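Subject: Structure handover

Hello,

Here is the structure for you to look at. Please open it next to this note.

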Amino acid sequence: MKIVRIFIWLAMLISIVSCGGGGGDDPQTTEPPSDAVSVNFTPEFSAFRMALPVANSGSVGKNTTTPILLEGILQATNSATNTVEQFDWKASLDLGTFSVISETTIGLKPGNYDLVLDIVHDGQKYHGEANVDIVDGNSPIAMNLHPVLGKVDTDVSVNPEMAKLYFKVDPNELNLLGLGSPIVGIGLDNNQEMKFLINKNTSQSDLFFNIQYGSYLVNINFYDDTEKVGHLEIPDQTLNIDQNTAEVNYDVVPLMGVTVISFNEQGDSTEIKVKIPSSILTHVQQLSDLQTEIKLLDPDNMILFDGVISFSQDPDDPDAYIGLVPLNLNFQQTQTDGLFMTLKFFDVVDSPSVAFATCTSDSFHLEHNDKTVGCQVTFNDTTVDVVTALNAYFVVNVYDVNGNPVKDAQVFLDSGTTPVGVTGSDPFTTDGAVVFNTSVGDHDITAKAIGYIAQKMVTAEPLSINNVDLYLMAQESPPADTVEPFNYDTRVSMTENVLVEPTTQQITLANDMMVRIPPVKIDFEKNTGVARVIYNQTGYLTDADPSKTTEQVVMDYLNENKNLLNLSSTDIANVEQQVYETAATGATRFYLQQKLHGRDVFNALLQVNVNRDGRILSVNNTFSPNADLVVVNKHSPTVSIGQAIINAAERVGIKVRHQPMIESENLADDEQSTVVNAATASREKIEAKLVYVPVKNDELRLAWSFVLFTHDQRHVYQMLVDANSGALLAYFDQVDEDSYEVFPYPVESPNHASPINTRQVENNPAASPGSPWGWHDLNATLGAEHTIMRGNNVHAYNDSDNSGSPTGLET
């Protein structure tokens, strides 16, 4: 990933003026000697300052069709003789193409020269240098001219000491930004902003401004034509330039509004709270002149809420304003997927009918919990403030497996060990949210809390707002230098350096789909190259087709997009199907289990979500691609199920004292379903079958799959053992830390248990919404408040003396 930065790089710029060129106020032009070579000198501008508006005549800027006449002084110093010659130089500049047509031809003797060109136009100075060899014949000379900033004398004969203010702009980031007319605005010492049109032909990797030594207050903005797209994260930063200056970095961030949607205990929304940057208020004379409209829309652009917000100064943030508006949104009556929010800002005095700025969020999903949403503020006018590194904002919402927001979850960026933020720490956001900005590019966003972890890869474009939802569903692995007691997967190390890029055909098909359906998002799996997720952020992937059954819609879509999914027709055909329908919404979830030679491909599922009228919402794909080409023929196992059980049990510390006994097996079945009694390995009978385990993109291994129930009742291991080598491929402990010895519901009393007074071990019995964080956690923050028989709903204790409090020590 690359970060756009401004670097200060020091270079002494000292010009020798009028040496041997005569005196007087006017520059002297030396007559070229008879043996002089004709020199064609056509420099290029890296950036050109746009003219200020002219009364009654608009402004002279980048859209002018009239060439701009330029005049300056060109100084040539012969490196061998130190002879200095000076020439008047004239040219015309076409800002539409940034082409320069020189109207001056000079004559120089063959040799090596240091050339310095200084131009002043409309009070703005430009400076360029080049070292060239002049040879016989026409000698074209290349030079880049750069604007000069700071308290400089516009006399072209005076060149004080200066440094180079470098803009290190990666061409890929300019392309990501998609700026048609990139403009950088620079404000020094609170003076009027200077806007420079950037020459994309010469400035992709070498854009810099010359700046005189001194101390400055700097403000920087990025524009696309007249639209402001970013600003300094911290305005009015001090810049000190002298001979000791080494490097200065600035960050430019997008303008962002943050919205919090709150809900009551019944799950109905009660209010919307909006936070906006103070820069919006610079567009109106006073706060009372600002009118802000807010809309909440569903995927069909149906307005769910339409209101007006009044703002006041945020007491916790002097650079922001907050507003509050009541909201009545009932979940039973409202679509909660694919929602998006818009804000429009109006100046009720100067232009009450045209918004001077807007803020539109990405598509988001609402559950029965508070939600924090970010949107990017875009200005639509031309008079705004003033430049540097293109960053992106992230608004991360963290939830538990039941959809409840997680407070105090740590959020990490990429491989960082220090969290970039902690959910709920900002008084403005919801308990489960954190807001931060970082560089553009691909980022791994990771959330950790209560022993669980969630991770998502996000590609952030320059000056974008990225709303990320993370659900804590996987147990967090211990550090690499400790023994893993719960889970093991040999594929992790085998695929650590595997990266399967999408094929050219996949990329073409993905681009075509994104053109047809602009809000569509497609994520590819790095270990297999399949399209892992396809979804429409604001709507559907298909139109309704009443002539087809839901199953036909699903299978037709998969076959039509098999090349994008990177699956073969055989992959899609060889499946086992399960269908679930949600009664409340009418939505249908199709689960296709991948099969190969009649056996399951382990954890290879293809899920298609379809709404009530037959339109596909999303596709989730973990299939192994072209499985029939990876394993062409069906083979029998060379390792028995008994030996596989022994190998697996010993790996997790269980000593098998008796040979496992097969109670039943179906050798005619492709999966060879087998029931085994291994009393010393498992307290329950083992049901085993053959599966294929995807190890790498081009490797599937035949394996025995079964579950071991340990006798201490602390572990339930899902085991995968290579059916040819006997090696343990993976195991996963399905038991969490919370287990209780109880009389399980609906047993009324110990006398109703069977056998009488016999307790049973229950693992993770807490249920949401009554106990979303377990039985002992009271406030949804990290860590249980109690380890005795006291929790969020009940405090059970021995009160033998009827005192209303525990008798003796609670354990």
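Below is what was found in it.

This is a predicted model: local features need pLDDT of at least 70, side-chain atom pairs count only at pLDDT 80 or more, and totals for chains, interfaces and linings use all residues. Residues are numbered from 1 along each chain as its sequence is written, and side-chain values use heavy atoms, with hydrogens and water left out.

Confidence: the chain has a mean pLDDT (the predictor's confidence in each residue, from 0 to 100) of 75, and 70% of its residues reach 70 or more. Residues 54–63 fall below 50. Where pLDDT is low, the predicted coordinates should not be read in detail.

Around N611: this residue lies in the loop between β45 (599–610) and β46 (616–621); strands are DSSP runs (E, at least two residues), numbered from the N terminus. The charged end of R615 sits over the ring of Y540, 3.8 Å from its centre (the rule: CZ of Arg or NZ of Lys within 6 Å of the ring centre and within 35 degrees of the ring normal). K448 is placed over the ring of F412 in this way, its charged end 5.0 Å from the centre.

Aromatic residues: F45, F48 and Y126 form one cluster, where rings of Phe, Tyr and Trp (its six-membered ring) pair if their centres lie within 6.5 Å.

Best wishes

Conventions:
Contact = heavy atoms within 4.5 Å. Helix = DSSP H or I, 4+ residues; strand = E, 2+ residues; numbered from the N terminus. Phe/Tyr/Trp six-rings, centres within 6.5 Å; stacked < 30°, edge-to-face > 60°.
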